[in-house]
Amino acid sequence: MDDHARSRTRRYVAVIILGAVVVALLLPIVDGLSVAGFLGDKTYLLILQDNAEIRPTGGLMDVVGVVTVHNGRIASLQYYYGSSAEPKESSPQLSGLVHLDGPESFTKFFNVNQSTLTDSNVQYDFASFAPKMESDFYNATGYRVDGIIAVDLTAIEAVMNITGPITISGEVITSRNVADRLHYDSATIKGGKTALTDLLRTLTFDIARFITDSSVPQKLALYSTMQGLEREKHVQLYPNQGFFFHTGGERRALAADFISVVDTTLGTGKADPGVNRTLDYHVVLLPSGSAISNLTLTYTNNCWWDYDVFTTTLVPPGARLVGGHHTTVFFNGPEVTRSKDAAAFSSTVRVPANAKVRVTYLYKTPHRVDTRGIAQQYDLYIQKQAGINRYVLNTSVQLPRGARLIDMENVGANQVFTGDAHVHVGYI
Amino acid sequence: MNTKRGAVIAVVILLVVIALVASEAVLSSPISVNNPVYTIPGSAVRASLHKSASDGTIALRLNGVSDASNPAIRYEWITFSRQSGVYNFSLAPPPGNRYVVANVTVMNVHHTAVPFTYTRFVLISQDNIAYYPNYALCDHGCSDNILENRTLNATFTSDLHVLFSVPTTTRAAKLAYTVSTPPVVLSTS
């Protein structure tokens, strides 16, 4: 090949690479424009998850809405409320029953196979629940949506910290009181009062207006906040199309050790802001690579009324429960169920007012240690439940006899996390 | 020629670095909490602690603003909550915050039913930051319907317990009832 031909080939390669880079840069923009309704209207299902009443996917589904976006602006918005103090006041679309297709830990424990649409978020994570919700919502209302956006009250408070207060009929709603205003309006819905949906409509339009009209630093602050909220599972997205948006809140199947506590409050009101959670995990690593795990869940109830919770702890598949104890007289369980990616220990627990309750599971975990050359590596992933604001983690790892520690991360006491946590220990 | 090209590349790299540092600084900067300020109108009627002030339809008297962690206040709150039955409000504030409860005597002096809503109270800190109510409860002998229906009957007189969420270090200076004409401003001292 002569110099001229080589030079031409190099030019072609450069043009192809440049073209690929441009396409890679433009695709997310095209995707973003599509999501925002610039390439045709998009309709989304909005779910307000009240994380003051924790549910597996984040919180009680107080209100759901349908929003249509056209050219980046809200073209239409309709809210339905589902958890009125008086069931007859709930929107009829949401009070119908839907079939529950699992998880077995829930359906078997309570011997149920159906619930109202607003109580149907019993799957272990939002990613598993969203496709079913999309389908059930279509069957209940006839609305087809292009995706689902779930937000909890923590997310609304964080966003209002940026967007500022809103005023409805002279009443000022701030990030400090928005959750309580929603709770009050939800609890007092009677005779078709629209205070709750008015508040949510105003809030939604204000936030949408802020997104389009705010300054660049404000937009960046909001973007940064949304990223944090998405990471901590207070905002979860389910796009049923598009290339660059992944489904939020997905519980990963892991080859390493993991713990995922999934709680459901059992009719004890807006208690979760007053309940603190602590995980104490002590693991003894055996020379074979398997482990003996001692996990204690501590619930500290700072509310002045009792807190009832159905708690499911997901651990690696193949884990075998060998013992357990608890410090409350109102306890039912544990029941063990298994799926291909986890073993589940489920119990119902009552935590009396202003009291602390511990639930301990002792179990054997199959091989969870990774070998890297001459070194061994133990990793533990704590997958935080959506809607939970923070938890305390105490961990200790006992190495096999004769092993020497190389490095460790997040091993110790009183570590506070607001998202997932990763514990690592390397040894030889 | 090479020197010129080198200088251009250096400037471009410098600009990119500056842009990256600036965007990182903006993205990682603490998020500002939007604190509304309440400016008391000159026409407001005022009263000090334990004294009444009225706009001609209702008279208000501030009996105190207390921390909700105070055992006596907590006991009262729980008692009235159990009577109310609207929903249980936990007295566990978010980290970095505390709950304070303003005890206000509300009296209808108009002798006919008058509109009233606890949501139009404002707790004003010493630096004029306004805090808006989270929740309220009625005292003995007062139906929660007045909170829900937003109307005081002709003979209404009762204490109201209005709860606010404030930063831990915030001290309340005044309580204003803003919907009356003129507004009523009650001092905490």
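Mentor: This is a predicted model. The domain assignment divides chain A into domain 1 (1–35), domain 2 (42–239) and domain 3 (257–427). The C-alpha centres of domain 1 of chain A and domain 2 of chain A lie 42 Å apart.

Trainee: Why is H5(A) called roughly antiparallel to H8(A)?
Mentor: The axes of H5(A) and H8(A) cross at roughly 165° and come within 10 Å. Angles over 145 degrees count as roughly antiparallel, and therefore H5(A) is described as roughly antiparallel to H8(A). The crossing is also right-handed.

Trainee: Which residues make the contact between H5(A) and H8(A)?
Mentor: H5(A) contributes Ala155(A), Ala158(A), Val159(A) and Ile162(A), while H8(A) contributes Gln218(A), Ala221(A), Leu222(A), Thr225(A) and Leu229(A). By class, the contact has 7 nonpolar residues, 2 polar ones and no charged ones.

Trainee: What makes H5(A) largely enclosed by the rest of the structure?
Mentor: A residue is buried if 20 or more other C-beta atoms lie within 10 Å of its own. In H5(A), 9 of the 11 residues are buried, so the helix is largely enclosed by the rest of the structure. Among the buried residues are Leu153(A), Ile156(A), Met160(A) and Thr163(A).

Trainee: Against which elements do the buried residues of H5(A) pack?
Mentor: Their partners in chain A are the strands S1 (42–50), S6 (147–152) and S9 (235–239), together with the helices H6, H7 (195–213) and H8. Just after H5(A), Gly164(A) takes a positive phi of about 90°.

Trainee: How do you know whether Val66(A) is buried, exposed or partly exposed?
Mentor: Val66(A) has 17 other C-beta atoms within 10 Å. Buried requires 20 or more, and exposed requires 12 or fewer. The count of 17 lies in between, so Val66(A) is partly exposed. Val66(A) belongs to strand S2 (residues 60–70) of chain A. Leaving aside residues up to four places away in sequence, Val66(A) touches Thr43(A), Leu45(A), Gln78(A), Tyr143(A) and Val145(A). Val66(A) and Arg144(A) are 78 residues apart in sequence, and their C-alpha atoms are 9.6 Å apart in space.

Trainee: What class does Phe330(A) receive, and why?
Mentor: Phe330(A) has 13 other C-beta atoms within 10 Å. Since exposed means 12 or fewer and buried means 20 or more, Phe330(A) is therefore partly exposed. Phe330(A) lies in the loop between strand S14 (320–326) and strand S15 (331–339) of chain A. Its C-alpha atom is separated by 52 Å from that of Ser214(A), a residue 116 places away along the chain.

Trainee: How many residues of chain A and chain B are in contact with each other?
Mentor: 29 residues of chain A are in contact with 24 residues of chain B. H5 (153–163), S8 (171–173), H6 (178–187) and H8 (216–231) of chain A each supply at least two residues of that side of chain A. H8(A) gives the largest share, 5 residues. The side of chain A that touches chain B divides into 13 nonpolar, 12 polar and 4 charged residues.

Trainee: What share of chain B is buried?
Mentor: Buried residues make up 32% of its 189 residues. Chain B contains 3 helices and 12 strands. Of the contacts in chain B between residues at least 6 apart in sequence, 75% join residues at least 24 apart.

Conventions: Residues numbered from 1 in each chain as written. Chains lettered and ligands numbered in written order. Predicted model: local features only at pLDDT ≥ 70, side-chain atom pairs only at ≥ 80, totals over all residues. Helix = DSSP H or I, 4+ residues; strand = E, 2+ residues; numbered from the N terminus. Contact = placed C-beta atoms within 7 Å. Domains from an automatic or database assignment. Nonpolar A, V, L, I, M, F, W, Y, C, P; charged D, E, K, R; others polar. Axes fitted to C-alpha atoms, helices over the stretch in contact; angles between N-to-C directions. Parallel < 35°, antiparallel > 145°, perpendicular 65-115°, else oblique. Left-handed = near helix turned anticlockwise from the far one by under 90°.
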